[in-house]
Amino acid sequence: TSCLVFLWYPLYWITYNQINNNLTSQADTMQHKGVPPEIVAQLDPLALIILIPICDLFIYPALRKAGIKFTPIKKITLGFLCGAAAMVYAAVIQNYIYNNNNCGEFPSEGDDCNPATISIWAQTGCYVLIAISEILASITSLEYAFTKAPKNMRSMVQAFALFMSALANAIGEALVPLSTDPLLVWNYGSMAVIAACAGVLFYLSFMALDKEEDMLNSLPTGHVGTTAMIAETERRASISSAVIAEANTEKEMALK
């Protein structure tokens with residue numbers, strides 16, 4: 001079940017990966033007054049540092065107290081939608097840049113192109129939305145891999161979740177032609193549509209898992225291998241449990 005959930009993640013990661021290149025290039029065409037364009041990208045980890053404790057200490061407990069079950073499936077869905085909102089924000093800024101500089105739709109071509117009449121800090125909203133989506137989708141994916149996989153298969157399931165990021169990078173290579181002027185508005189718009197549609201279809205595909213949340217949290221220990229290997233593993237586990245129980249009993253008797 002966990003692996004099926006993660007199969008949707010490449011469509012999220014191709015949206016998230018926009019902060020690694022396109023948004024930095026966008027910042028270079030804005031007024032930054034001596035501030036390096038790469039600096040604005042640090043708003044993402046800064047927002048994570050601020051927002052994660054707020055979510056853990058205030059928002060999630062408040063939702064539980066109000067009787068709202070904000071399950072991992074709902075978190076991931078909202079994460080996709082926040083990623084889509086970030087791309088809409090970026091598309092609006094990019095369109096403004098195209099319409100408010102002396103080089104039109106080619107603001108990064110040549111040294112004679114002046115920055116658009118908009119501050120580099122206008123990207124703040126985009127990075128905050130991406131950070132929120134990361135909290136809801138990325139961090140929740142690690143939680144989901146740990147809590148919903150059989151105990152002895154957690155590492156493998158987490159590796160599968162991380163592999164989705166590599167798959168997204170491969171898909172991103174096919175979208176490189178969109179990552180240039182004058183197609184950047186279409187690029188961000190496409191990312192927004194992909195993330196939004198993926199979020200809706202993701203929820204429709206896995207909404208039934210919300211009802212099975214408690215059952216999935218109590219999955220038994222799983223094993224990978226042949227029947228004989230599984231039997232041997234169970235035998236060793238039972239012997240270890242017996243030895244530990246006997247040692248604890250002897251320790252209690254000695255204390256008495």
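**Notebook: strands, rings and cores**

I began with strand β2 (residues 116–119), which has a covered face, A116 and I118, and an uncovered one, T117 and S119. In a regular strand the side chains alternate between the two faces of the sheet. For my own record, helices (H or I, at least four residues) and strands (E, at least two) are DSSP runs, numbered from the N terminus.

This is a predicted model, where local features need pLDDT of at least 70, side-chain atom pairs count only at pLDDT 80 or more, and totals for chains, interfaces and linings use all residues. Residues are numbered from 1 along each chain as its sequence is written, and side-chain values use heavy atoms, with hydrogens and water left out.

Next I looked up the partner of β2. Strand β1 (residues 30–31) runs parallel to β2, and two bridges join them; strands pair if DSSP finds at least two bridges between them. I found that Q31 has S119 as its bridge partner in β2.

Then I turned to the rings. I counted Phe, Tyr and Trp (its six-membered ring) as paired if ring centres lie within 6.5 Å, with planes under 30 degrees apart stacked, over 60 edge-to-face and the rest tilted. That rule gives eleven aromatic pairs. One of them is F6 with Y9, edge-to-face at 5.9 Å centre to centre and 70 degrees between the planes. Y9 also pairs edge-to-face with Y12, at 6.2 Å and 75 degrees. Both Y9 and Y12 lie in helix α2 (residues 9–16), three residues apart, about one turn of the helix. I noted one aromatic cluster made of F6, Y9, Y12, W13, Y16, F80, Y144, F202 and F206.

My last stop was the nonpolar core, a set of buried Ala, Val, Leu, Ile, Met, Phe, Trp, Tyr and Cys residues joined through side-chain atoms within 4.5 Å. Which residues touch the most other members of the largest core? Of its 41 residues, they are V5, F6, Y9, L23 and I130. Among the elements that give two or more residues to this core are α1 (2–6), α2 and α6 (72–99), and α6 gives the most, with eight residues. I also found a second, separate core of eight residues, including A47 and L48.

How values were computed
Buried < 20%, exposed > 50% of the residue type's maximum accessible area, 1.4 Å probe, protein only.
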